[in-house]
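Keep the viewer open as you read.

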Protein chains: 2
Amino acid sequence: MTEQLRDLSDDRALLGRTSTAERVSDILRSRIAEGYFPPGTRLSEDSIGGALGVSRNTLRESFRLLTHERLLVHELNRGVFVRVLTVEDVEDIYRTRRLVECAVVRGLGEPPYGLDGLSGAVDEGRRAAREGDWKGVGTANIHFHKELVALAASERTDELMRSVFAELRLAFHVVDEPQRLHEPYIARNVAILEALQVGDREKAEGLLAGYLDDSLKRVVEVYRRRVGEDG
Amino acid sequence: MTEQLRDLSDDRALLGRTSTAERVSDILRSRIAEGYFPPGTRLSEDSIGGALGVSRNTLRESFRLLTHERLLVHELNRGVFVRVLTVEDVEDIYRTRRLVECAVVRGLGEPPYGLDGLSGAVDEGRRAAREGDWKGVGTANIHFHKELVALAASERTDELMRSVFAELRLAFHVVDEPQRLHEPYIARNVAILEALQVGDREKAEGLLAGYLDDSLKRVVEVYRRRVGEDG
DNA sequence: GCATATTTGTCCGTATGTATA
DNA sequence: CTATACATACGGACAAATATG
């Protein structure tokens, strides 16, 4: 474990613009997102603090940040663990996505819209698919929907959904069938993008709703098999 | 200051289910919500830690929690302050409210709906108005809209909006014209409730959108005068 | 501009409580 | 039941930044 966690002692000597705790959070968030700390892993204060060369108090502040982002769960007197989502969590994530993402599309003004971010995410997904990088396809799909939310031009809505999408990654790591999970949605993202390009909000919203319903069904189906009865 | 901040030393001896830091956060959150710590106030580690009888490290964990809820802002080497919202913040809060609250109403299934929470909040507002407790009317209005969001039955949406409504209170404290700010909306909440009671989602959504637009206009109008150019 | 006091940032050592083998 | 491991919380220390005179 220690090898992959770069020691921060050097950086600390230099002038750090952000606090140590935030930099630690950034590192841990990446490790969780990329699956290096899979759901269920316990993050010991001692071993991680030692590996990163930061004190317990500093590390605890990082844990607090990530706990509030719902990536870690804190059990009193037992420590922090990478969150293991229940099937109900996954359903609620998609409930929230459907509510917000459809509302964003519906609330768009008159076309044309600034769709560069969306088509960029589509390109990113196609490129990853060509290389057989299915996890990359999953990342690109999430980017697509983040860009979709960004069309609402609301800082709070963005941040709100940022955390929801981070949670969604946790579910993807449990499922761990990236091609089956992500490939079908490249084409559907394209369809949504095209509807928006011609200014057909209603069609885009319908496609989006169908997308989310199907995606939820597929994730939950595999998810139940994985987490079994304990989730 | 010290008189209003109850010492926690006694509670610590008793069986506490939650951590000290969380209980401290609860206390500070209430104080901020009720305006005892108005926006802009600096929260000194020494004085508050002393008043509550907790150590600096514990208090700093509370500050982290509340900072992440956007109620406090942290300035490096200067400490934490109760957030002062800008006009842009207020506009974004209402943008988010409109997006989510309208989507909740639109996404309701077939009537009848469980509207006990909503009518309870209406009663609460009427009672407060009879007693001339206009801040209480504001609290009741926020309850009404929290209950409205709760109709979506989504844990994440609830939590998300809980933090948005907490921020909204910060704006109300800056404005500080509670009667003018809250009284007109009792009747409009009633109208929304009645539309939902007869199952007319579309009318309810329209009333809600108008409500939010008017409320934003009124808050911003007074807000600009208060914060002036520095916001 | 300078010197001083205050406050925060970070880390340590330790005592206590809690869960688990 | 005991022992171990860990988390919680406290108090103290010192450096660094900031505020004050």
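## The overall layout

First, a caveat: this is a predicted model. Chain A has 11 helices and three strands. Reading from the N terminus, its elements go α-α-β-α-α-β-β-α-α-α-α-α-α-α.

Chain A is 231 residues long, and 35% of them count as buried. Take the contacts in chain A with a separation of 6 or more: 72% of them come from residues 24 or more positions apart.

## The sheet and its hairpin

The three strands of chain A make an open sheet in the order E1-E3-E2, and the pairing is antiparallel. At the edges sit E1 (42–43) and E2 (72–75) of chain A, each of which pairs on one side only. E1(A) is joined to strand E3 (residues 79–82) of chain A by two bridges, and these strands run antiparallel. If you want a residue pair to look for, Leu43(A) is opposite Val80(A) in E3(A). Helix H4 (residues 56–68) of chain A lies across E2 and E3 of chain A, at about 115 degrees to E2(A).

Over in chain B, four bridges tie strand E2 (residues 72–75) to strand E3 (residues 79–82), again running antiparallel. Val73(B) has Phe81(B) in E3(B) as its bridge partner. The hairpin of E2(B) and E3(B) has three residues between the strands, and Asn77(B) takes a positive phi near 65 degrees there.

## How the two chains meet

In the interface, 23 residues of chain B are in contact with 24 residues of chain A. On the chain B side, helix H4 (56–68), helix H5 (87–106) and helix H8 (155–175) each supply at least two residues. H5(B) gives the most, with nine residues. Split by class, that side of chain B has 10 nonpolar, seven polar and six charged residues.

The largest nonpolar core has 80 residues. Which residues have the most contacts inside it? They are Val100, Val104 and Ala171 of chain A, along with Val100, Val104 and Ala171 of chain B.

A second, separate core has 17 residues, including Leu28(B), Leu52(B), Leu65(B) and Leu66(B). Leu28(B) lies in helix H2 (residues 20–33) of chain B. Is Leu28(B) buried or exposed? It is buried, because 25 other C-beta atoms lie within 10 Å, where the cut-off is 20 or more. Setting aside its neighbours within four places in sequence, Leu28(B) is in contact with Ser62(B) and Leu66(B). The C-alpha atoms of Leu28(B) and Leu43(B), 15 residues apart along the chain, are 9.8 Å from each other.

## Backbone details to check

Where are the cis peptide bonds between Pro111 and Pro112? In chain A, a cis bond joins Pro111(A) and Pro112(A), with omega about 0 degrees, and Pro112(A) is in the loop between helix H5 (87–106) and helix H6 (116–130). In chain B, Pro111(B) and Pro112(B) are also joined by a cis peptide bond, with omega about 5 degrees, and Pro112(B) lies in the loop between H5 and helix H6 (116–130) of that chain.

Asp176(A) has a positive phi of about 55 degrees, although it is not a glycine. You'll find Asp176(A) in the loop between helix H8 (155–175) and helix H9 (178–182) of chain A. Asp176(A) counts as exposed because 12 other C-beta atoms lie within 10 Å, and 12 or fewer is the cut-off for that label.

Key. Residues numbered from 1 in each chain as written. Chains lettered and ligands numbered in written order. Predicted model: local features only at pLDDT ≥ 70, side-chain atom pairs only at ≥ 80, totals over all residues. Pairing = 2+ DSSP bridges. Contact = placed C-beta atoms within 7 Å. Axes fitted to C-alpha atoms, helices over the stretch in contact; angles between N-to-C directions. Nonpolar A, V, L, I, M, F, W, Y, C, P; charged D, E, K, R; others polar. Core = buried A, V, L, I, M, F, W, Y, C linked by C-beta atoms within 7 Å.
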